Amino acid sequence: MNNKTIATYTLGCKVNQYETNAVEEIFTQNGYTLTDFDDKSDIYIINTCTVTSMSDRKSRQVIRRAKKNNKDAIVVVIGCYAQNDPDAIIKIEDVNLVLGTKDKNKIFEEVQKISKHDKVVRVTNIMDELEFENLSVTSYTKNTRAFVKIQDGCDRYCSYCIIPYTRGRIRSRNISDIVREVQSLSDNGYKEVVLTGIHIASYGKDLKKSKNELIPIIDSQKDDFIQADISLIDVIEEVSKIKNIHRVRIGSVEPIIISDDFLKRLTKIEKFCHHFHLSLQSGCDDTLKRMNRRYTTDEYKEAVLKIRQYFDSPAITTDIITGFPGETQEEFEKTYLYLSDINLYEMHIFPFSRRSGTKAYDMKNQIDNDTKHKRSEKLIALANKNKNDFEQNLIGKTFDVLFEQKDEQFYHGYTKNYVKIHVKSDKELSGKLIDVRINSLENGRLIGEIQI
C-alpha cells in the first residue's frame with residue numbers, strides 16, 4: 001500500500017489553480033495522500049507564475065521553502081516561470097524536476113523516475129504545441145465553486161505581457177470534454193462552475209467542424225477574431241444544460257467579444273452569472289496603442305453600455321496599469337476621467353512592472369516608481385468610491401447567495417454578479433444556495449439576512 005504524501009503550492013491565476021488541482025488528483029488517484037505545503041511531505045510541487053519579475057521572486061521563495069520539513073523530499077517545479085526560465089530554476093539547490101506549461105498529465109510518471117539526487121529538465125518548446133492538453137478535475141478541496149479550464153494559449157502579444165511566450169498558441173478544449181468534466185463536478189455536488197483559460201474570448205478560434213467533431217486548425221494565429229464554427233457562447237450554452245449546475249460564470253474577456261448576438265444569447269441562459277471582467281488596462285487611446293491592446297476606449301465603453309442594456313445591475317470589473325512607459329500626466333488624467341465616467345464596480349489597479357522579454361521592457365520614457373504609485377493611489381481611491389456606490393444601491397434588495405465558508409461569526413458567499421455578502425448564522429451554510437436580503441453596508445462589508 002502506498003503511504004506516500006504530496007504537497008502543492010500555487011502562484012498566479014485561476015488556470016494555475018485548476019492545473020494544480022488536476023495534478024493533485026493524478027497523485028491521489030495513484031495512492032498518494034495530499035498534505036499541507038508546510039507539513040512534511042515526500043513530494044512538493046510548486047506551480048509558478050511569471051507575469052512580473054515579482055512573480056518570479058515569489059516563486060523562488062516558495063521553491064526554497066519546500067524542503068525545510070523533509071530534506072529527502074523530491075521538489076518539482078511547473079508552470080509559467082518554469083516554462084520561461086527552466087535553466088534558472090534547475091540551478092536552485094533543492095529542485096529535482098522542472099516541467100513547463102504542458103505535459104502535466106505525465107507528471108506522475110516523470111516523478112517516479114527520479115530521486116532526491118537528480119536534477120532533470122523536461123521543458124519543450126510550447127510554441128510548437130497545437131492541441132489542448134486535457135486534464136481533469138472532479139473536486140476541489142477549498143472551493144464551493146469549481147474552475148473548468150476550457151482554453152490555453154494567447155495570440156494577443158500585448159507589449160507588457162510575457163504570457164503568450166509561456167503558454168503558446170491558442171488551443172481550445174473540445175466541448176464534449178468540457179461537458180463531461182462539468183457533469184462529473186455536478187455529480188460531486190458543485191453548483192457553480194467558472195469557465196477559465198488564458199484567453200477565453202478566443203475559444204474556438206482554432207477549431208473547425210469535421211464529421212461532427214471539432215479538430216484543430218493548423219494555422220489559427222490570426223490578427224483578429226474570426227467567425228468560427230464554435231465560440232465561447234456555445235460552451236456556456238452547453239454547460240448550462242447540465243442538471244444541478246445552478247450557475248455558470250466566465251473568466252476575463254476582452255470587449256471585442258461583447259456583441260448584441262453574444263448578449264442576447266446570454267440573457268436566455270438563466271444560469272449565467274452577470275459578472276463581466278472586461279480587461280481595459282488604460283482609459284487613454286494613445287496608451288492602449290503602445291500596449292498593443294486591440295480596441296479603443298470608445299469600443300470599450302460601447303461594450304459596457306451594451307452589457308448594462310441587457311442585464312440588470314451587472315457587475316463589471318477590470319484591470320488598470322498605471323505608469324506604463326510614456327504615460328504622460330495628461331494621458332493619466334484621461335484615464336482617470338474615463339474611469340470616472342464609465343463607473344465600473346471594481347477596478348484592480350497595478351503600477352507598471354517591467355518584464356524582461358517583452359517589448360515594454362525596452363520602451364523609452366519609463367515612469368519612476370514614485371509617480372506610478374501616486375497615480376495608483378488616486379485610481380484606488382476612485383475604485384473604492386465606485387465599489388461603495390454600487391454596493392449601497394444593493395441595500396434592500398434580495399439575491400440568491402452561494403455560501404462558501406465562515407469567517408469569525410459571519411458566513412460569506414457571492415451573488416450571481418459576484419458581490420460578496422456576509423450573514424450571521426448558527427447553521428451550516430457552506431455550499432448552500434439561499435436567498436438573502438441585504439440590510440446594510442458596514443465597514444466595507446455587505447450584511448444580509450436569510451429569507452425563509
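Helix α13 covers residues 369–392, and because 24 residues at 1.5 Å each should span 34 Å, the 34 Å between its end C-alpha atoms agrees with expectation (the expected span is 1.5 Å times one less than the number of residues). This is a predicted model, in which local features need pLDDT of at least 70 and side-chain atom pairs count only at pLDDT 80 or more, while totals for chains, interfaces and linings use all residues. Residues are numbered from 1 along each chain as its sequence is written, and side-chain values use heavy atoms, with hydrogens and water left out.

**Helix α13**
- Among the buried residues of α13 are Arg-375, Leu-379, Leu-382 and Phe-390 (buried means under 20% relative accessible area, with a 1.4 Å probe and protein chains only).
- The buried residues of α13 pack against β14 (315–322), α12 (329–342), β15 (346–351), β19 (433–442) and β20 (445–450).

**Helices α11 and α12**
- The axes of α11 (residues 297–310) and α12 come within 11 Å and cross at roughly 15°, which makes α11 roughly parallel to α12 (angles under 35 degrees count as roughly parallel).
- Thr-297, Tyr-300, Lys-301 and Arg-308 of α11 make the contact with Tyr-338, Asp-341 and Ile-342 of α12 (contact means heavy atoms within 4.5 Å).

**Val-401**
- Val-401 lies in strand β16 (residues 398–407) and counts as buried because its relative accessibility is 1%.
- Leaving aside neighbours within four places in sequence, Val-401 is in contact with residues including Arg-247, Tyr-414, Ile-421 and Leu-433.
- Val-401 and Lys-420 stand 19 residues apart in sequence, and their C-alpha atoms are 8.6 Å apart in space.

Terms used. Helices (H or I, at least four residues) and strands (E, at least two) are DSSP runs, numbered from the N terminus. Buried means under 20% relative accessible area, exposed over 50%, partly exposed in between (1.4 Å probe, protein chains only). Axes are lines fitted to C-alpha atoms, for helices over the stretch in contact, and angles run from 0 to 180 degrees between N-to-C directions. Angles under 35 degrees count as roughly parallel, over 145 as roughly antiparallel, 65 to 115 as roughly perpendicular and the rest as oblique.
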